[in-house]
Amino acid sequence: MNHFELREGELACEGVPLSRIAAAVGTPVYVYSTATLERHFTIFRDAMRATGHGEPLIAYAVKANPNLSVLKTLGALGAGADTVSEGEVRRALAAGIAPERIVFSGAGKTDEELAFAIDAGVSEINIESEPEMERLAKIAAARNARPTVAFRVNPDVAAGGHAKIATGKSDNKFGVSMTEAERLYAIASNNANLRPVGVACHIGSQITDLAPLESAFGKMRALVERLRAEGLSVERLDLGGGLAAPYFNHPEPPQPADLAAVIARALKGLDVQLAFEPGRVIAANAGVLVSRVIHVHERPEGPRFLVLDAAMNDLIRPAMYEAFHDILPVKPNPEGGEPLTYDVVGPICETGDTFARERDLPPLKAGDLVAFLSAGAYGASMSSEYNSRPLVPEVLVRGDQFAVVRPRPTYEAMLAREPLAPWL
Ligand SMILES: *Cc1c(COP(=O)(O)O)cnc(C)c1O
């Protein structure tokens, strides 16, 4: 469930009509619902509490939606943060998330990033390769530190909604293999500058089938047991993120409670603290992208183009992953009217700037507002200024209030970021 519903004939976010936000902030604009973020986080946390493994660490995957106000909203409920760069660690800290609740993942952390994470005291640096372990140990030794680490393991399981977001097969770049994990864990346990506390996996995103997750969790359990049999201490098992959000072409993916049931089964009797890294399932349906129709372009033959003021630089998921977003008129015409078939496109000079092909929508005209649903995750966070379109703004709603939590830069600010070379 989310809090984007028709109120008095028009689409609203909680108590605020989207048209009011569009009038105040302009379009395109992302709009997030506090109540939905809170609801999704609470449901996920409560489900994982019920797996019988004590209080889990729910480290929200910052990259899904890194806006500081979103992080602060979730942090206030007890969320930790799963981060993949120094910038994300800094965001989490700036949002008031304690370092003991921050996990630092990533296939290519630099020396500077590792040093920063050590100094910040993050709770789990996920080591993803042997050279990374060696670099981390050296950097920690130079600082006389002993960071807590986990090993991200690649369980060699295929999962995820698209090849570009599958991460758990042995030919993906992420994590060490099962056998490497055993060898490296033992080495790290004997290193005075590393404190291994557990193992982690994250096998993909937009996962709608729990079977690969169950298989991965079974392999992770066996790994924990093998490590312990060797006398190594394993306190924590980080099961990653990846649970699908209900998009409109996948309206009923497994729920957090279904995932929890799989975990309870796979880990029955295993005494271990659990951590999770959910992103999409928390944020996707907590946000929409509101855009205005520039015009409708009909050729005598061929498609009818609905040309919007939003483009692939604002929402890249359709261009990058063939992702589906439901599109709704913000003020549906009460008279109805037979749906028309549109190709929904942005103004950017790329054919890839297409949000949907042959989509049936109510008749729309220049000036109408539309909303892309389920745009709260991997939407604004992947936005850019391609075609010199100022970065798309973000708004957070809470009840009947709203706040601009990332303003649209002015053209002057956009140009002022680029000092000219002194010889020009
Ligand atoms: C992206 C990512 C996540 C979050 O994935 P979702 O599909 O958004 O839940 C979790 N952990 C790691 C390491 C990631 O890279």
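User: Hi! Before we start, what counts as a polar contact here?

Analyst: A polar contact is a pair of N or O atoms within 3.5 Å. This is a predicted model, where local features need pLDDT of at least 70, side-chain atom pairs count only at pLDDT 80 or more, and totals for chains, interfaces and linings use all residues. Residues are numbered from 1 along each chain as its sequence is written, and side-chain values use heavy atoms, with hydrogens and water left out.

User: Great, which atom of Gly242 lies 2.8 Å from an oxygen atom of the ligand?

Analyst: A backbone N or O atom of Gly242 does. Arg280 also places a backbone N or O atom by a ligand oxygen, at 2.7 Å.

User: And what lies 2.5 Å from a nitrogen atom of the ligand?

Analyst: That one is a polar side-chain atom of Glu277. The protein covers 94% of the 390 Å² of accessible area (Shrake-Rupley method, 1.4 Å probe) that the ligand has on its own.

User: Nice. How many residues surround the ligand?

Analyst: There are 14 (a heavy atom within 4 Å), and Lys63, Ser205, Glu277, Arg280 and Tyr378 are the closest. By class, three are nonpolar, six polar and five charged, with Gly counted as polar.

User: Switching to shape: which residues lie nearest the centre of the largest pocket?

Analyst: Lys63, Thr167, Phe174, His202 and Tyr378, out of 31 lining residues. Helix 10 (280-283) and helix 11 (317-321) are the elements that give two or more residues to that lining.

User: What classes make up the lining?

Analyst: It has 15 nonpolar, nine polar and seven charged residues.

How values were computed:
A polar contact is a pair of N or O atoms within 3.5 Å; within protein, one must be able to donate a hydrogen and the other to accept it, and residues adjacent in sequence count only if both atoms are side-chain atoms. On a 1 Å grid over the protein atoms alone, a cavity is a set of points where a 1.4 Å probe fits but cannot get out, and a pocket is an open set with protein on both sides within 12 Å along at least five of seven lines; lining residues have an atom within 4 Å of a point. Helices (H or I, at least four residues) and strands (E, at least two) are DSSP runs, numbered from the N terminus.
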